[in-house]
Structure formats: C-alpha cells, structure tokens
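Subject: Structure for your review

Dear colleague,

Please find below the structure that I am handing over to you.

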Amino acid sequence: MRDAVDFRLFRRFFMISPEGAEHPTWTMPVDDLLRDDAMREAFRICGQPYRAIGPFLPASFIGLSVYGLAAVQLMVLAETGRWIDLTPSNLIFEVTVREGYADIGYRIRHVRLSDVPAGEARDAGLRDVWTAFHRNTVIPLVERITGEAGVKPQLVWNQFPSRHAFLRDYMREHETRPEVLARFEREDALLGSLPAGLFRLRKNPYLHEPQYIPSPYEEGKTIMIRSACCMYYRREQGTKCYNCPILSERDREEMRRSLVNG
C-alpha cells in the first residue's frame, strides 16, 4: 500500500513521512509526548536553538506541526481516495536541531491505508472519520501543548486558518492532475463543514478568507497575512514577521522599506 502514496511533498513541507528525519536530535512516541514531562522536554529542545523567551514560541511551532498531520491526511485522501492511519500510537515525534532552527515533524511507523465510505453514505461517513481523527490525534495534542504553555488552545488553533489557506493556494497553483485537485476541493469542503463545537471554537479552523499585502521580496507579488502571530518574535532580540497580524501598519511600512531597499 505504501507505493500508493508519494511522501516527498509531505516530507518537504511538513516533515512527515515513513522515513522520518535523517538524523533527528530527539524523538518521542506521540503517545508518550502527551505526558506532561515529555512535552516539557520538547519545549526545551525546540525553544533552545531560537533562544526562546518562555514557552510561547515552542508551543506555537510544535502546534504548527500538528496542523501538518491534518494537511497530510487531507492530501493523502485527495491523492489516493483512501485514509491513512495517523493515530498517536502510529506516530513518532521528531526534532532536528540545527544552527538557529528546529525542524519539527513526525515519522509514520506503519503506512496503513483504509477505504473510506462509498455511495450516499460517503460524506456522513467521512465526517465521522474526520471527527475521530481530531478527537484522537489533533485535539489531544493541541490541548496538551497549550496546557503545558499555560495558554488558551487558541494560540495554536488560530494559526490553522492561514496555514490551511496557504495549502489551498499551493494546490490550486501547482497540482496538475485535474482528478486530484477535484478530490482535494471536495474533501476540503467536507473538512470545512465540521462543526466548530468539535474544536471548542466559534469557527471551524479550516475556514478562512485570507488577506494579502504587496510582497517586499518579489515585485508584483503578494503575501498572505497570517491568521495569528506565530510567536517567532518571542526570543532574544526577536522581531515580528512582515506578515504578522499584530504588527502595526507603521512598523510594517518601515519593515517594507528596509526590505525593498536592502
């Protein structure tokens, strides 16, 4: 079954694959990561290369890795029409520390694909499968991460919308197989139909109307404003990103001029 899934894109963008990282610095079964002491150690290791101030930056970055699991689930569904096992017991959390950065991802223990409901029961059945995936994998990780950081789960959830909009834009621009893109659009709409109450939020985190601003990096291009701050500035001598939603327009303009003028 493994040959049915091309993991190259998932490994490149989300660091999720059966092979995992080449030389991970630290690994932990996701079941064990849900314990307090393991998550605390993950914060320390992920925050260290950034010289993070407090738990906000590592909580944010580990939280973004959880979005990657949902993205891979959706893309496998679009590519193969089948469901992949991304339950905690089938995942190994991995961190690879390099100078100034920490790559965070997951190794899939066993590539197990299963059929999804067919016929008239398909949409309702898939909603049940998506619901179980979030209840068993995504929500426990988000709540353990933010619980360890001492913040509300929205610190992580609020980053999902723009990250998912990035994925949607990427697929529409780069996917050359019409049948895969059509499945992606259909499955994405189904994911967006899950009730907000499942996530204990007021809005489904996969729904978003992104805002774009002129890019200071490429003339004539635009860049998406993030749906929430990624907390990258919560480090020694840290600054906010150009597309940070909490950056003031005055500071954004000053940053734009600096970037354009070199």
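**Charges over rings**

In this predicted model, Arg235 lies over the face of Tyr232, at 3.8 Å from the ring centre. Likewise, the charged end of Lys240 sits 4.5 Å from the centre of the Tyr233 ring, over that ring. A charge sits over a ring if NZ of Lys or CZ of Arg is within 6 Å of the ring centre and within 35 degrees of the ring normal.

Residues are numbered from 1 along each chain as its sequence is written, and side-chain values use heavy atoms, with hydrogens and water left out. Local features need pLDDT of at least 70 and side-chain atom pairs count only at pLDDT 80 or more, while totals for chains, interfaces and linings use all residues.

**Aromatic pairs**

The whole structure holds 17 aromatic pairs (rings of Phe, Tyr and Trp, the last by its six-membered ring, with centres within 6.5 Å; planes under 30 degrees apart are stacked, over 60 edge-to-face, the rest tilted). Phe14 and Tyr67 form an edge-to-face pair, 6.4 Å centre to centre with 65 degrees between the planes. Phe14 belongs to helix α1 (residues 8-14) and Tyr67 to helix α4 (residues 56-80), so the pair ties together parts 53 residues apart in sequence (helices are DSSP runs of H or I, at least four residues, numbered from the N terminus). Phe14 counts as buried at 13% relative accessibility, and Tyr67 does so at 1% (buried means under 20% relative accessible area, exposed over 50%, partly exposed in between, with a 1.4 Å probe and protein chains only).

Terms used
Helix = DSSP H or I, 4+ residues; strand = E, 2+ residues; numbered from the N terminus.
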